[in-house]
Amino acid sequence: MNLTRDLPGLKLKNPVMPASGCFSFGKEYAAFYNLDQLGAIVLKAATGGSRFGNKTPRVAETSSGMLNAIGLQNPGVDAIIENELPFLEGFQTPKIANIAGSTVEEYEEVAEKISSHVSAIELNISCPNVKEGGIQFGTDPSLAAEVVKAVKHKSRVPVYVKLSPNTSDIKGMAVACEQAGADGLSMINTLTGMQIMKDKRKPLLANKTGGLSGPAIKPVAIRMIYEVYPHVSIPIIGMGGIESAEDVLEFLLAGAQATAVGTANFRNPLVMPEIIENLPDVLERYGFSSVQEAIGGAHDETNVSPLYSP
Amino acid sequence: MNLTRDLPGLKLKNPVMPASGCFSFGKEYAAFYNLDQLGAIVLKAATGGSRFGNKTPRVAETSSGMLNAIGLQNPGVDAIIENELPFLEGFQTPKIANIAGSTVEEYEEVAEKISSHVSAIELNISCPNVKEGGIQFGTDPSLAAEVVKAVKHKSRVPVYVKLSPNTSDIKGMAVACEQAGADGLSMINTLTGMQIMKDKRKPLLANKTGGLSGPAIKPVAIRMIYEVYPHVSIPIIGMGGIESAEDVLEFLLAGAQATAVGTANFRNPLVMPEIIENLPDVLERYGFSSVQEAIGGAHDETNVSPLYSP
Amino acid sequence: MKLLDVEVTENRKLAEDTYEMTVATDASISIEQPGQFVHVLVDPPHYLRRPLSIASWTEDTLTFVYKTFGPGTKTLTNKRRGDEVNLLGPLGNGFPLPEDQHVLLIGGGVGVPPMKGLAEELSRTNNNVSAVLGFRSEAEVFYERELSAFADVTIVTEDGSYGKSGLVTEWLGKDADIFYACGPNGMLKAVTKTLEVPGYISMEERMGCAIGACFACTMETCDGGYVNVCKDGPVFPKDKVVLP
Amino acid sequence: MKLLDVEVTENRKLAEDTYEMTVATDASISIEQPGQFVHVLVDPPHYLRRPLSIASWTEDTLTFVYKTFGPGTKTLTNKRRGDEVNLLGPLGNGFPLPEDQHVLLIGGGVGVPPMKGLAEELSRTNNNVSAVLGFRSEAEVFYERELSAFADVTIVTEDGSYGKSGLVTEWLGKDADIFYACGPNGMLKAVTKTLEVPGYISMEERMGCAIGACFACTMETCDGGYVNVCKDGPVFPKDKVVLP
Ligand SMILES: Cc1cc2nc3c(=O)[nH]c(=O)nc-3n(C[C@H](O)[C@H](O)[C@H](O)COP(=O)(O)OP(=O)(O)OC[C@H]3O[C@@H](n4cnc5c(N)ncnc54)[C@H](O)[C@@H]3O)c2cc1C
Ligand SMILES: Cc1cc2nc3c(=O)[nH]c(=O)nc-3n(C[C@H](O)[C@H](O)[C@H](O)COP(=O)(O)OP(=O)(O)OC[C@H]3O[C@@H](n4cnc5c(N)ncnc54)[C@H](O)[C@@H]3O)c2cc1C
Ligand SMILES: Cc1cc2nc3c(=O)[nH]c(=O)nc-3n(C[C@H](O)[C@H](O)[C@H](O)COP(=O)(O)O)c2cc1C
Ligand SMILES: Cc1cc2nc3c(=O)[nH]c(=O)nc-3n(C[C@H](O)[C@H](O)[C@H](O)COP(=O)(O)O)c2cc1C
Ligand code: FES
Ligand code: FES
């Protein structure tokens, strides 16, 4: 069964990779399996300087999901290049750097520095857990276009833009990013949510709000990918609540070219190798003879025009 | 324990009512308990003429929730007044009519006709499952303001506006509605989602997309109410995933004056009387001596200015 | 119509992917007609109940048969004797019972279970009952023996691995006065087209509330109105609803 | 560090809202130090695992004690002998073991369980072990007898309903060479302030992955850096992290 996808900058042996922020810089999961089994490795967000992130508690559990407000904790782009990337050099699978910032200049700096060490950049304009930057870029199409253009200019590798679901017009955001030069899209980041402690009478997360992830948000992710797919001709990496090979197929049918798994790693650290192992059987059971064949399969082909099909 | 709330048009004996569309016009649940136990009765959306709604399947199950795309099926405002409201006359508890339309004129017509039969109107500008009208009003603050003004003009009773969560700026929507004259807000309606059938390779719902409800969306509802509360001085009726008296308390702490229960009725038709029965104990356990005392309790009081406190 | 926690007295495999669960009930749950159904709570994270036809009942038991079609019904297979299950029911309108007729029962797959209770009731009122039951293959066949006590049973399998070969519609016979059918929509369509005598069919739709409050399960009627399968059905006269 | 389905061999109530679960393990799970923990899967719709300290272990069993603090741990009480539970572990760094010392163990509430395994290990290396265990009231006391086999135990209850009355900090004594503490942050703060000898404390933070991959459980260190409780802890030297 052919599981490969050939996306800008990314020769994927299979369409399964970690979602940024749920996999740190790879070392921890390497204790469970060989990371070369993965379609790609996606790193925790990098910013210009080091960031401690938000105060704890940073996570809360919700029905079929969780909230997180890590707040972009990371040692900064230079320290990542120096201390984290060398470990990953031993792996052949493509690496994707997730980058974030408070200003366009910070995004540019990080992109410029890290892009010579990775196969692609995932531009995080949608992190809901930082005060400045992040989310504003993610909900205003013209701001998004600006940062995409700037980063494209500095990056040596293709740029995927990670979209926020906290918008009334995901299609508009996607099209604005494509027009600004994005090579691909990652969808979706987390939905902004909150949990309140009844005993302490205040939000549980120190940051008050956090990002909702996990199976709870899967229907929103599927809808947004399905909605965007006919309107862009760049590939979509799909994520949001994936737990199984069946879920991966659902994302492919919606229009994703590849998929990422986040929160499910916390329940089952072996979930990605298990999904990759099961995927050929699942595809076959539903009558597909390759991953490629399934992509966009839920769309009425006659309505779909400028599809991405490498 | 004092559970009462005195909201515009609504003297509630307790803060628990059904969410519109999950309770039809009351008859079915009246077979399980006396509807006068409820804080209020909220009716299925009424439109000008009768509507068949969408084709089936109209519901899909999701992790800790469901999608629905009923499509505003209802016999039309005249038939509702003639055939459905007489049954409810036997009950003393306040009735709230949920109204919808494709045009401002349709909203006006329905509001004018039904408002002399109910205690308040819930203006549904957020139904994601109809092609025209509905959602557009719900994601554009100026369109929302227009329909609110028009309906306020025609209605004999206070008007609560039901907000859509499918927006990047819930605060802006809320403030626009208040300024246009809304007497209260209902939050939240459903998040737009989709489920794809892997065997049939198409969306499960005949309408393709549907509204996500149930515990899965509770964190989003809590966040939006918490976000809006400090910026409006009209009351909020909170909903989205409520299943227990603890959940009701969480909504009160976020800033809701009263709450509505939707999807949970399908799991447990007795859920509302059970919540009402448990609420005094739960309030007491967390140190409250009335519902009023809990409202907005999760806010840092010094940051909160023009609170609604009747 | 009651909401109640009941104790499982038996949960056994009947055929491939097909299980029969019997629960202890009490007099408070009064089943009126064969063809009514219960709405069964399954384990989280599955949120909605599952509508399942009552296959048969006694004064203090109720039996239903479920196919493990998806993950929700699969969680029911974990229930052991003594565990509790939460049911809402009996719901809807079942099959009206004739007297002194030659009655033809037609069941396809998981449409077979309600035919068991129906055959039992029909046999009480001096009817002559035949049943044609269709399955995909031998591994899926169930209730042949149980129905034979009350009816003249013909089993049909699509692949011919057991009984007659083909579709039930090819084996309906000609001399029924009235028919009762439950099964896939394709079968119901074919049956109502083939048989000219009066008949009743049982419909399936995805459900939310199952009591008529959410309009999830609406069907168009032939006269241009609409009905809710859960409350107005699931059994309808053969020419009442527009078959999808 | 392994991910494995293990069989429950015992799941018993120890004290008010407090249960002890023992599971069968095999040689593949090698626990290195008392104070390590396991990340336990609970039933849906609860999504995250629950971090629970290893209370004690043998070559083929592992025991942990859990308080039914919220709804997730409550689902664990349904597990019976023979049921499966999924564990990730052993995780983190536990208590380093001294020799020939007068060791003081301090446990508060659900901070008591890891002290059991610790006392057992300490007793092997010629230490003189005292333990001061604090609980809210008599109904919550557990492991007095079990720890007495390895240590000189003092029980303290906040309401004085059993043992000494007050807080553990009032009954610490003066002659320990080193201390080990696990319990609420308030207790840890008080203990590290009161005792001048070296010591180790076990921290709690809400966790996602529990293996160091999500940065949910970060704490600031006294030198301005940060650590992850799950991977770098949960046990730290007393002056390593900034207590919240
Ligand atoms: C009135 C009525 C009587 C029924 N009687 C029986 C019976 O006796 N035995 C039996 O095996 N099946 C019966 N069915 C079908 C049964 O309800 C579904 O097979 C079952 O709900 C599927 O659940 P799942 O967890 O296996 O699948 P999932 O895929 O997990 O189900 C997801 C959702 O879709 C709904 N759904 C999926 N398929 C159907 C369907 N065919 N009809 C209605 N809802 C569906 C489920 O209820 C659930 O809400 C009946 C259906 C109806 C409407
Ligand atoms: C390293 C470590 C060891 C622990 N050892 C024990 C032990 O041996 N015995 C014991 O009873 N408890 C122990 N705890 C605390 C235990 O993890 C929590 O009480 C438990 O997770 C609460 O889950 P719940 O389902 O009861 O509550 P819920 O309120 O349903 O929990 C919701 C979420 O919050 C998390 N959470 C809530 N309280 C805590 C807490 N205090 N610490 C960490 N996460 C929390 C849960 O893990 C879950 O993700 C330990 C915690 C840590 C970090
Ligand atoms: C703990 C945690 C940390 C995350 N950190 C990042 C991040 O640094 N950058 C980013 O783009 N997305 C981040 N995300 C979002 C995920 O990459 C993903 O988009 C989202 O969680 C939805 O997928 P899931 O439901 O499979 O987790 C984070 C999510 C979680 C749960
Ligand atoms: C089957 C169904 C039908 C609904 N119909 C309506 C409606 O007619 N008008 C409306 O304003 N909201 C409607 N809603 C939304 C609910 O009123 C409520 O806002 C939403 O479901 C969130 O609450 P819950 O999670 O408790 O269900 C409907 C929801 C469901 C599940
Ligand atoms: S399922 Fe709700 S009306 Fe039929
Ligand atoms: S819980 Fe994920 S880093 Fe500690």
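Here are legends for several close-up views of this predicted model.

**View 1. An open sheet of eight strands in chain A.**
Let's start with the sheet, whose eight strands line up in the order β3-β16-β15-β10-β9-β8-β7-β4 in chain A. The pairing is parallel, and the sheet is open. Why do β3 and β4 of chain A each have one side without a neighbour in the sheet? Both stand at the edges, β3 at residues 16-18 and β4 at residues 41-42, and each has a single partner strand, so one side is left without a neighbour. For β4 of chain A, look at strand β7 (residues 95-99): two bridges join these parallel strands. To find the pairing by residue, look for A:I41, which stands opposite A:K95 in β7 of chain A.

**View 2. Two helices lying across strands of chain A.**
Now for the helices that lie across some of these strands. Helix α8 of chain A, residues 245-254, lies across β3, β15 (236-239) and β16 (258-261) of that chain. Its direction is at about 135 degrees to β16 of chain A. Helix α10 of chain A, residues 271-285, lies across β3 and β16 of that chain. Helix α10 of chain A runs at about 175 degrees to β3 of chain A.

**View 3. B:D183, an aspartate in a loop.**
Where in chain B does B:D183 lie? Look in the loop between α6 (170-179) and β10 (184-187) of chain B. Is B:D183 buried or exposed? Its relative accessibility is 18%, and buried means under 20%, so B:D183 counts as buried. The side chain of B:D183 makes a polar contact with the side chain of B:K152, at 2.8 Å. Setting aside neighbours within four places in sequence, B:D183 is in contact with B:P8, B:K152, B:P158, B:V159, B:I234 and B:P235.

**View 4. Where chain B touches chain A.**
Each chain brings residues to this contact: 40 residues from chain B and 40 residues from chain A. Between them, the two chains bury about 3400 Å², with 65% of it on carbon and sulfur atoms. On the side of chain B that touches chain A, the elements giving two or more residues are β11 (191-194), β12 (196-197), β13 (202-203), β14 (209-213), α7 (218-228) and α8 (245-254) of chain B. How many salt bridges are there between chain B and chain A? The count is zero. Polar contacts are another matter: 11 residue pairs make them between chain B and chain A, counting pairs with both residues at pLDDT 80 or more.

**View 5. Strand β1 of chain C and its pairing with β2 and β6.**
Strand β1 of chain C covers residues 2-15, and it pairs with strand β6 (residues 84-91) of chain C in the antiparallel sense, over six bridges. One spot to look for is C:E7, which stands opposite C:E84 in β6 of chain C. Strand β1 of chain C is also joined to strand β2 (residues 18-24) of that chain, by seven bridges, and these two run antiparallel. Here C:R12 stands opposite C:E20 in β2 of chain C. The hairpin of β1 and β2 in chain C has two residues between the strands, and C:D17 takes a positive phi near 55 degrees there.

**View 6. C:L105, a buried leucine in a strand.**
You'll find C:L105 in strand β7 (residues 102-108) of chain C. With a relative accessible area of 0%, C:L105 is buried. Leaving out neighbours within four places in sequence, its contacts include C:M115, C:L118, C:A119, C:L122, C:V132 and C:Y180. C:L105 and C:A181 are 76 residues apart in sequence, yet their C-alpha atoms are 6.0 Å apart in space.

**View 7. Where chain D meets chain C.**
Four residues of chain D are in contact with four residues of chain C. The area buried between chain D and chain C is about 300 Å², and carbon and sulfur atoms give 47% of it. Which residues of chain D lose the most area to chain C? They are D:P44, D:P45 and D:R80, together giving 85% of what that side buries. Chain D and chain C have two salt bridges between them. The side chains of C:R80 and D:D83 meet in a salt bridge, at 3.4 Å from N to O.

Notes:
Residues numbered from 1 in each chain as written. Chains lettered and ligands numbered in written order. Predicted model: local features only at pLDDT ≥ 70, side-chain atom pairs only at ≥ 80, totals over all residues. Heavy atoms only, no water. Pairing = 2+ DSSP bridges. Helix = DSSP H or I, 4+ residues; strand = E, 2+ residues; numbered from the N terminus. Contact = heavy atoms within 4.5 Å. Axes fitted to C-alpha atoms, helices over the stretch in contact; angles between N-to-C directions. Buried < 20%, exposed > 50% of the residue type's maximum accessible area, 1.4 Å probe, protein only. Polar contact = N/O pair within 3.5 Å; in protein donor to acceptor, adjacent residues only side chain to side chain. Buried area = accessible area lost by both parts, 1.4 Å probe. Salt bridge = Lys/Arg side-chain N within 4 Å of Asp/Glu carboxyl O.
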